[in-house]
Protein chains: 2
Amino acid sequence: MAVNESGRGSAERENEEGAGVTALEEPRREQLLNAADRVVRRDGPGASMNAIATEAGITKPILYRHFGDRSGLFQALTERHTAGLLAAVRAALAEPLERREQVEHVLDTYLAGIEARPQVYQLLTHPEAGDPNGVGGVLAPALRQIAEEITRAVTAQVDLGPDGPLLSEAWGRAITGMVLAAGDWWLENRPCPRARMVQALADLLWGRLAAAAPLPTPPAPAPEPVEPANTLDGQADS
Amino acid sequence: MAVNESGRGSAERENEEGAGVTALEEPRREQLLNAADRVVRRDGPGASMNAIATEAGITKPILYRHFGDRSGLFQALTERHTAGLLAAVRAALAEPLERREQVEHVLDTYLAGIEARPQVYQLLTHPEAGDPNGVGGVLAPALRQIAEEITRAVTAQVDLGPDGPLLSEAWGRAITGMVLAAGDWWLENRPCPRARMVQALADLLWGRLAAAAPLPTPPAPAPEPVEPANTLDGQADS
DNA sequence: CCCTCGATGTTACCCGTGGTAACACCCTCG
DNA sequence: CGAGGGTGTTACCACGGGTAACATCGAGGG
């Protein structure tokens with residue numbers, strides 16, 4: 001067919017990849033994941049299967065043979081990257097520090113993790129970009145694991161009285177979401193060094209918002225007529 | 001033609017819809033939005049344009065004439081629903097209450113808002129499900145507006161010293177993300193009544209996690225062999 | 001030596017979805 | 001009676017996920 005060297009993207013250099021132990025038993029799979037990784041790093045999530053296949057120097061069906069479907073591929077890809085961050089956070093949560101120091105340590109660990117791999121970080125937070133099925137909550141699986149880890153740590157380390165279980169569960173999610181949103185903003189705007197951000201978040205958790213002095217109410221209280229409570233309850237749909 | 005009554009989904013009852021003022025000047029548009037609303041409520045985001053068109057009893061091109069493209073439709077749809085929630089939160093933020101009461105009020109307003117329309121709530125938090133372009137941050141536009149509103153309120157009402165701007169910006173995002181994640185979890189599991197959840201979140205912001213007594217470190221420090229620090233840093237790319 | 005087996009690879013196709021072009025209808029206004 | 005604008009339609013295209021069917025090649029085993 002003489003197609004030997006047609007338009008295969010940037011293939012034929014899958015050798016010096018080097019991956020973890022898993023490569024020893026499933027080398028091809030790892031190579032494909034590495035290719036996918038490159039494409040995602042370049043095109044973000046939502047990269048097409050065709051693009052990934054081309055980058056790997058092959059065609060779609062092989063990808064599907066190895067990963068079943070697109071979400072399978074992305075799940076595998078995500079898990080590779082999740083492991084490190086999750087383990088790091090877990091370790092930080094287990095360290096025997098004074099509470100404030102420990103919280104700062106965990107916050108710093110997370111921020112450092114997402115700082116190190118900004119592109120991939122999108123994968124962890126938006127795994128389902130591109131496949132509309134199963135929207136499933138705000139927290140991606142990776143984040144949900146972190147939330148559970150926090151819950152576990154709080155349950156084990158802090159005395160919250162009879163409502164402990166409820167509080168630690170709620171707080172696990174709350175803290176995760178808080179760090180997620182704040183970290184996302186920080187990563188995008190870089191308004192301050194990491195340590196400063198850690199302080200800001202720890203301060204929030206330490207009730208600094210609650211404790212701070214109030215400012216005097218400004219003189220003109222209602223300058224703009226905001227069109228009172230327009231459709232506050234929206235379409236009642238008769 | 002004789003196509004009069006072929007396969008048009010559930011059309012010909014667009015009359016008793018009842019919508020806001022905007023319907024007076026752009027009635028067709030409102031009807032289409034109502035149809036889209038129904039479909040999204042039923043199929044979640046990621047509903048296809050065809051499905052929406054069919055539900056409205058028409059075909060795709062008309063949708064595109066009115067909204068340009070898919071994201072235009074969803075943006076219009078989102079704005080309709082955002083208005084109420086945003087206005088409510090804004091009002092709650094402007095109320096002259098004691099700080100703790102005000103925070104509780106805002107939290108309760110938000111939770112009540114998402115509680116009232118769980119299906120649509122997905123729209124606000126996952127507007128880009130189905131269109132992989134422009135992933136753009138964790139916080140959807142609607143949430144970003146809320147975050148800015150919180151930032152504004154904190155800036156105006158709380159004395160945070162020289163770092164005020166940074167802190168209020170960071171905290172605006174952080175609090176929004178916190179309530180988003182916690183609210184999402186609460187909405188899905190309903191582990192407690194709303195008022196309880198409000199308390200839990202306010203307590204967190206009030207530093208209860210920081211202030212609570214520690215639990216004695218459990219006797220057996222390493223009961224489960226957790227497979228020590230597997231691939232802590234993941235792919236080191238040897 | 002041949003022949004099966006499994007992994008690797010390909011071409012060609014299906015279907016659904018976003019998006020568009022071109023044409024038809026009707027109703028109103030000058 | 002036209003012109004124009006809103007409403008509607010039938011195709012059609014490109015592209016992305018996913019699959020069937022066929023081709024190849026190396027390793028064993030009778």
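This is a predicted model: local features need pLDDT of at least 70, side-chain atom pairs count only at pLDDT 80 or more; totals for chains, interfaces and linings use all residues.
Me: What pattern does chain A follow when read along the sequence?
Reply: Chain A holds 10 helices and 1 strand. Of its 238 residues, 38% count as buried. Read from one end of the sequence to the other, the elements of chain A give the pattern α-α-α-α-α-α-α-α-α-α-β.

Me: What percentage of the contacts in chain A with a separation of 6 or more is accounted for by residues 24 or more positions apart?
Reply: The contacts considered here are those in chain A with a separation of 6 or more. Among these, the share from residues 24 or more positions apart is 59%.

Me: What distance separates the centres of domain 1 and domain 2 of chain A?
Reply: Chain A is divided into domain 1, residues 19-68, and domain 2, which is made of 78-129 + 137-207. Contact between the two involves 6 residues of domain 1 of chain A and 7 residues of domain 2 of chain A. On the domain 1 side, the touching residues comprise 3 nonpolar, 2 polar and 1 charged. Taken over C-alpha atoms, the centres of these domains of chain A are separated by 29 Å.

Me: Which element gives the largest share of the surface near DNA strand D?
Reply: DNA strand D is surrounded by 15 residues, the closest being A:Ser48, A:Arg70, B:Arg28, B:Thr59 and B:Pro61. Two or more residues come from each of helix 2 (49-56) and helix 3 (60-67) of chain A and helix 3 (60-67) of chain B. By type, the surface near DNA strand D divides into 7 nonpolar, 4 polar and 4 charged residues. The largest share, 3 residues, is given by helix 3 of chain A.

Me: Which residues of helix 4 of chain A meet helix 1 of chain A?
Reply: The contact of these two helices of chain A divides into 6 nonpolar, no polar and 2 charged residues. Helix 1 of chain A contributes A:Leu33, A:Ala36, A:Asp37 and A:Val40. Those that meet them from helix 4 of chain A are A:Leu73, A:Ala76, A:Leu77 and A:Arg80.

Me: Which helices are included in what covers the buried residues of helix 6 of chain A?
Reply: In helix 6 (residues 118-125) of chain A, the buried residues are A:Val120, A:Gln122, A:Leu123, A:Leu124 and A:Thr125. Their cover includes helix 1, helix 4, helix 7 (141-157) and helix 8 (164-189) of chain A.

Me: Is A:Leu63 buried or exposed?
Reply: A:Leu63 lies in helix 3 of chain A. Not counting residues up to four places away in sequence, A:Leu63 touches A:Leu32, A:Met49, A:Ile52, A:Ala53 and A:Leu73. A residue counts as buried if 20 or more other C-beta atoms lie within 10 Å. Because A:Leu63 has 22 such atoms within 10 Å, A:Leu63 is buried.

Me: What is the phi of A:Arg190?
Reply: A:Arg190 is found in the loop between helix 8 and helix 9 (194-205) of chain A. A:Arg190 is exposed, with 11 other C-beta atoms within 10 Å. Most residues other than glycine have a negative phi. A:Arg190 is not glycine, yet its phi is positive, near 45°.

Me: What separates the C-alpha atoms of B:Thr78 and B:Pro141?
Reply: B:Thr78 lies in helix 4 (residues 70-94) of chain B. B:Thr78 is buried, with 20 other C-beta atoms within 10 Å. B:Thr78 and B:Pro141 are 63 residues apart along the chain, and their C-alpha atoms are separated by 9.4 Å.

Technical notes:
Residues are numbered from 1 along each chain as its sequence is written. Chains are lettered from A and ligands numbered from 1 in the order in which they are written. Domain bounds come from an automatic or database domain assignment. Ala, Val, Leu, Ile, Met, Phe, Trp, Tyr, Cys and Pro count as nonpolar, Asp, Glu, Lys and Arg as charged, and the others, Gly among them, as polar. A residue is near a molecule or strand if its C-beta atom, placed from the backbone, lies within 6 Å of it. Helices (H or I, at least four residues) and strands (E, at least two) are DSSP runs, numbered from the N terminus. A residue is buried if 20 or more other C-beta atoms lie within 10 Å of its own, exposed if 12 or fewer, and partly exposed in between; C-beta atoms are placed from the backbone.
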